[in-house]
Amino acid sequence: MIRFAGFCRANGQGFLVSLVVAAAAQFLSEHYGAPAMLMALLLGIAFNFLGEEGPCKAGIAFTSRAVLRIGVALMGARISISLMADLGYQMVGLVIAGVFATILFGLLGARLLNRGWRFGLLTGGSVAICGASAAMAISAVLPRNEHSERNLIFTVLSVTVLSTLAMIVYPILSEVLAFSPEESGVFLGGTIHDVAQVVGAGFSVSDQTGEIATLVKLIRVAMLAPVVLVISIIVRNHAAMRDTDARRPPILPLFVIGFLVLAALNSAGLIPGLVVDAMSVLSRAALLVSIAAVGMKTSLKRILDVGGQAIALIVVETVFIAAFVLIGVAMI
């Protein structure tokens, strides 16, 4: 009991600060239409001094790590096997192929630009799966180095901005290409990075397109657990940690286990709809609070040091997945 009280005192202030920043970001999102994740990140960066020294430092570090994992685990409650059955094996195959092709493209691009395999996995995985959420989940299992937090902040910021632009541009493109509602839904859900922007883009076209786009996006989200698992195994078996002091990660991180358990329970129909909705809200809130904490741990100057090559890589990855899905939709 005494240890628990000490833990709360050590981390409570940092958590509360992160919670306040996240609440402010949500307010701005609801009243001015800005992406909540982007607002939380930018506000967090503005309060970077709190994460460097002082009584909030430990709590901010805890929130950026532990609350993030809780948010990712709760995402599993939105996933079920019936999602894939409803879409059809050809479209599901296209979506899954797009995820892995984009990650491999990111690794190749990072190698050509001499950016390092961590950066390639981080940017490729975030573009391929679910934007900021995937970036944070993948970062949690990658071996740490001096650039880890800078690269994470850059990736979250970039995919959020690109996803917002795609939400505006891609529905226009689907109309220009005369896509059917199903084709538009697959294109939007298979290419836009963040779930919220997929929903916005899909329902701006039609209700049917919005429903299909959301379904496709959740299939991409379902790929988060196997991708993180594969990365964990590769890091454990082949990255000998020669360039970092980080300990070998577990083969299956606890938050991935939580994700898989909730997905299995939801697939079996054992989680009531109201509980699924509540978990979805809690998951998004946890991710919002954790990204605010991540922002407070990183200075703007360090983000700007990432360089033009990194920006070019994540933009090209975004173009790659869009082209991949467009070609796939045309062929199917």
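Let me start with helix 9, which has 29 residues and spans 40 Å from first to last C-alpha, close to the 42 Å expected at 1.5 Å a residue. Helices here are DSSP runs of H or I of at least four residues, numbered from the N terminus, and the expected span is 1.5 Å times one less than the number of residues. This is a predicted model, in which local features need pLDDT of at least 70, side-chain atom pairs count only at pLDDT 80 or more, and totals for chains, interfaces and linings use all residues. Residues are numbered from 1 along each chain as its sequence is written, and side-chain values use heavy atoms, with hydrogens and water left out.

Where does helix 9 bend? The bend is about 35° at Met167, with a proline, Pro171, following within four residues. That angle lies between axes fitted to the seven residues ending at a position and the seven starting there.

Just after helix 9, Ala178 has a positive phi of about 55°, although Ala178 is not a glycine. Ala178 sits in the loop between helix 9 and helix 10 (181-191). Its relative accessible area is 60%, so it is exposed; exposed means over 50%, buried under 20% and partly exposed in between, with a 1.4 Å probe and protein chains only. Asn114, in the loop between helix 6 (89-112) and helix 7, also has a positive phi, near 60°. At 72% relative accessibility, Asn114 counts as exposed.

A cavity is a set of points on a 1 Å grid over the protein atoms alone where a 1.4 Å probe fits but cannot get out; a pocket is an open set with protein on both sides within 12 Å along at least five of seven lines; lining residues have an atom within 4 Å of a point.

Of its 24 lining residues, Asp194, Val195, Ala196, Gln197 and Arg284 lie nearest the centre. Helix 9 (148-176) is one of the helices supplying at least two residues to this lining.
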